[in-house]
Amino acid sequence: VVQINELHVRPEVVRVPAAGNQVAWTNWSSSIATISFPASVAGDFTCPEVRPKFVVDGPRLESVHALGSNEDLVTPCPLKPGTYKYEVGLFDASGNRNDPRVTFSGTIEVVE
């Protein structure tokens, strides 16, 4: 589980095994949060579809909004071995995806 805070994620680097991995984010900030990867990461998931929690939007693979301290924002299925950088965007109540008030990054390392 990755905790989203006001200015960072903890842990900043998550190491998970290749077999059956899953990452969950919990939003402890006072804002709406989204997770995004480069769109190419969609092909590194072991399932054919990343919906309903993620969607490819142009150059980005973006999540639905993460609200509150629940852990319902999770990767759609295991990621293949590799290193994946992602960005967290924090938004005011309007949730304007094109104008986050702050962004910061984290990394997922999937190891054999």
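Some ground rules come before the tour. This is a predicted model, so local features need pLDDT of at least 70 and side-chain atom pairs count only at pLDDT 80 or more, while totals for chains, interfaces and linings use all residues. Residues are numbered from 1 along each chain as its sequence is written, and side-chain values use heavy atoms, with hydrogens and water left out.

Let's begin with confidence. The average pLDDT (the predictor's confidence in each residue, from 0 to 100) is 92 for the protein, and 96% of the residues score at least 70. Helices (H or I, at least four residues) and strands (E, at least two) are DSSP runs, numbered from the N terminus.

Now for the inside. In soluble globular proteins, nonpolar side chains tend to be buried together. Here the largest nonpolar core has 30 residues, and I4, W25, I35, F37, Y86, V88 and I108 touch the most other members. Strand 1 (2-4), strand 3, strand 5 (32-38), strand 9 and strand 10 (102-111) each give at least two residues to this core. A nonpolar core is a set of buried Ala, Val, Leu, Ile, Met, Phe, Trp, Tyr and Cys residues joined through side-chain atoms within 4.5 Å. Buried means under 20% relative accessible area, exposed over 50%, and partly exposed in between (1.4 Å probe, protein chains only). Take Y86: its contacts (heavy atoms within 4.5 Å) include V2, W25, I35, F37, F104 and I108, leaving aside neighbours within four places in sequence.

K85 counts as exposed because its relative accessible area is 58%. Beyond four places in sequence, K85 is in contact with F37, P38, G106 and T107.

On to the largest pocket, which holds about 160 Å³ of space. On a 1 Å grid over the protein atoms alone, a cavity is a set of points where a 1.4 Å probe fits but cannot get out, and a pocket is an open set with protein on both sides within 12 Å along at least five of seven lines; lining residues have an atom within 4 Å of a point. Grid points are joined across faces, edges and corners, and a volume is the space filled by probe spheres set on the points. Strand 9 supplies the largest share of the lining, four residues. Among the lining residues are R60, E62, E87, R97 and P100.

P100 sits in the loop between strand 9 and strand 10. With a relative accessible area of 27%, P100 is partly exposed. Apart from close sequence neighbours (within four places), P100 touches G89, L90 and F91.

Another loop residue is C77, between strand 8 and strand 9 (82-91). C77 is buried, since its relative accessible area is 11%. Its contacts, not counting residues up to four places away in sequence, are N21, F45, T46 and C47.

Finally, look at the backbone. Most residues other than glycine have a negative phi, and most peptide bonds are trans. The bond from R10 to P11 is cis, with omega near -5°, and a cis peptide bond also joins R51 and P52, with omega about 15°.
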